[in-house]
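Welcome to this short tour. Please open your viewer and keep the selection tool at hand.

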Amino acid sequence: QRRDFVRLRQTGQRIAVGSLVLNWKELPNNSLSRMAVITTKKLGPAIIRTRTRRLLRECFRVHQHALRQPVEMVMIARRSLVGCKYASVEKNYLAVMHEAKLIV
């Protein structure tokens, strides 16, 4: 919900690397990690926004067990991510996660 996004933006940390912006907040160790993706209409039509969200959610699904501890995060896709293949999206995802020191 919107209030979750606002709370995370106000109380969490933020980093922008390449094609992604990441807002996150670390959670207690007994929690589950959560992720949301924001794609604005500036990216293009619905089919492009949906594909971008799907690719980023898949990256999270594959790499969620490598997280140092549970986090709540919101990824914001930038225009340069549009049209990229999975390998390129995964590379961007891992770069932002390493920069934020969230992945072991």
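A residue is called buried when its relative accessible area is under 20%. Keep that cut-off in mind, and remember that the model you are looking at is predicted.

**Stop one: the whole chain.** Show everything as a cartoon. Along the principal axes, the C-alpha atoms occupy a box of roughly 40 × 30 × 20 Å. The radius of gyration is 13 Å, which agrees with the value near 13 Å for a compact globule of 104 residues.

**Stop two: the surface.** The accessible area is about 6500 Å², and carbon and sulfur atoms account for 52% of that. Now colour by charge: the chain has 21 positive and 6 negative charges, and their mean positions lie 9 Å apart.

**Stop three: the inside.** Hide the surface again. Of the 104 residues, 40% count as buried. Where contacts link residues at least 6 apart in sequence, 76% of them join residues at least 24 apart.

**Stop four: Leu-56.** Select helix 2, residues 46-63, and pick out Leu-56 within it. Is Leu-56 buried or exposed? Its relative accessible area is 0%, so Leu-56 is buried. Next, show its partners beyond four places in sequence: Leu-20, Met-35, Val-37, Met-75, Ala-77, Leu-81 and Val-89 are in contact with Leu-56.

Conventions
Residues numbered from 1 in each chain as written. Predicted model: local features only at pLDDT ≥ 70, side-chain atom pairs only at ≥ 80, totals over all residues. Heavy atoms only, no water. Helix = DSSP H or I, 4+ residues; strand = E, 2+ residues; numbered from the N terminus. Buried < 20%, exposed > 50% of the residue type's maximum accessible area, 1.4 Å probe, protein only. Contact = heavy atoms within 4.5 Å. Rg over C-alpha atoms; globule rule 2.2 N^0.38 Å. Areas by Shrake-Rupley, 256 points an atom, 1.4 Å probe, with all protein chains shown as cover. Lys, Arg positive; Asp, Glu negative; His and termini not counted. Charge placed at Lys NZ, Arg CZ, Asp CG, Glu CD.
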